[in-house]
Amino acid sequence: MQKVMEYGPEGLRILDQTVLPQRSETLLLRRPADVARAIRRLSVRGAPAIGVAAAYGLALAVDPTSSLAVGRRRLLAAADLLKAARPTAVNLAWAVDSLLADSAVKAALDARALREAVERAASAMEAEDRRFGEAMAAHGADLLGGVSGILTHCNTGALATAGPGTALAVIMELWRRGERPAVFADETRPLLQGARLTSYELTQAGIPHQVLVDGAAAWLLAQGTVEAVIVGADRICRNGDVANKIGTYGLALSARAHQVPFYVAAPSSTFDPNLAHGQLIPIEQRHPDEVLSLAGRRVAPAEAKAWNPAFDVTPASLVTAFVTEVGVVRVEDGSLPWPLVGSGAREGVSL
Ligand code: MRU
């Protein structure tokens, strides 16, 4: 599969995920505003991937031939622009804020040094996301080893991160270890990240799977074929409430009703220790056309209106455990440990 993003002297080249899997096209982003637009229109998407893209977007803000004062002013303006592109995934704000706080970025003495420091910090962030994805995949596969069927939602693979992914990386790692669970992917209305992107990644990896409409998930769980649900996350609050792609909450409720464990896989950059609970998470509302049209064609009456939240919030009480780069993490006494503390995969897993 082509790289999700590649930074070079020309700018940031991204794989345009809006046209996958029919076409494989890239977009060259030269300015922070291009990156912000690409994030808003989901050309690059998935919580960790938009964080890393925004980090490179910051580098594009600094003209190495300008003065340091102009470089710093443009950096701050780009930071505001990029953070505002999508509000729910905390990885975006986290990436921008951590890059601005980087000691080499703060210490740069001229614009050239500033740009280079931002580029280095962005590249380190990309490498870290890759390492975290690999660690998560291993911990998740330890946890889910032996399950006969797995259901996932949205796209949480390599396309959504700078590495192998989160929830989908766990499924891929099980496969790599020789396990052969039945794999089910929700289509993920309205933008079909499951049918378009997860199915594409699984196909490329040679992993047999079935795509189902979101409305079929409860009925699938009722069949008893699925022994674990695993999803990614866009923001996880201090109490363990999880914002993720719309439909996740309904899936978690169905999983609980059928006594199926519900796991959330996410790197530490998706945790927001400053937010006490899920009602405080800003939920992105997207354009009604995404719901009222299908593949660019209007399907609802011209007068119809739509409610189109991109994400929902699953209460911590419905989450069996979190899979992170440090291991399996659980809520204890109403709170997640911060910094995250992981335990061995098999210890005390119960609904
Ligand atoms: O709107 P999207 O496609 O960016 O939503 C993506 C999701 O909700 C993913 O589940 C989440 O970002 C985790 S990705 C590793």
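**Figure 1. The buried residues of helix α7.** The buried residues of α7 are Ala 167, Leu 168, Ala 169, Val 170, Ile 171, Glu 173, Leu 174 and Trp 175, where buried means under 20% relative accessible area, exposed over 50% and partly exposed in between, with a 1.4 Å probe and protein chains only. The helix covers residues 167–176, and eight of its 10 residues are buried, so α7 is largely enclosed by the rest of the structure. Its buried residues are covered by elements that include α6 (111–144), β4 (149–152), β5 (182–186), α8 (193–204), β7 (228–231) and β10 (262–265); contact means heavy atoms within 4.5 Å. After α7 comes Gly 178, which has a positive phi near 95°. Helices (H or I, at least four residues) and strands (E, at least two) are DSSP runs, numbered from the N terminus.

The model is predicted: local features need pLDDT of at least 70, side-chain atom pairs count only at pLDDT 80 or more, and totals for chains, interfaces and linings use all residues. Residues are numbered from 1 along each chain as its sequence is written, and side-chain values use heavy atoms, with hydrogens and water left out.

**Figure 2. The whole chain.** The chain contains 11 helices and 16 strands. For its 351 residues, a compact globule would have a radius of gyration near 20 Å, and the value of 20 Å for the chain agrees; this radius is taken over C-alpha atoms, and the globule rule is 2.2 Å times the number of residues to the power 0.38. The C-alpha trace spans about 65 × 50 × 40 Å along its principal axes. Of the 351 residues, 54% are buried. Among contacts between residues at least 6 apart in sequence, 74% join residues at least 24 apart.

Figure 3. Three bridges join β10 to β7, and the two strands run parallel; two strands pair if DSSP finds at least two bridges between them. Tyr 263 is the bridge partner of Ile 230. Strand β15 (residues 321–324) also pairs with β10 in the parallel sense, over three bridges, and here Tyr 263 stands opposite Ala 321.

**Figure 4. An open sheet of four strands.** The order of the strands is β11-β8-β9-β14, and the pairing is mixed. At the edges stand β11 (271–272) and β14 (311–314), each with a single partner strand, so one side of each is left without a neighbour in the sheet. Strand β8 (residues 235–237) runs parallel to β11 and is joined to that strand by two bridges. Within this pair, Ile 236 lies opposite Phe 271. Strands of a sheet pair through backbone hydrogen bonds, either parallel or antiparallel.

Figure 5. Ser 254 belongs to helix α10 (residues 248–257). With a relative accessible area of 15%, Ser 254 is buried. Residues up to four places away in sequence aside, Ser 254 touches Ala 218 and Leu 221. Ala 107 lies in helix α5 (residues 103–107) and counts as exposed, at 52% relative accessibility. Between the C-alpha atoms of Ala 107 and Asp 34 the distance is 27 Å, and the two residues are 73 residues apart in sequence.
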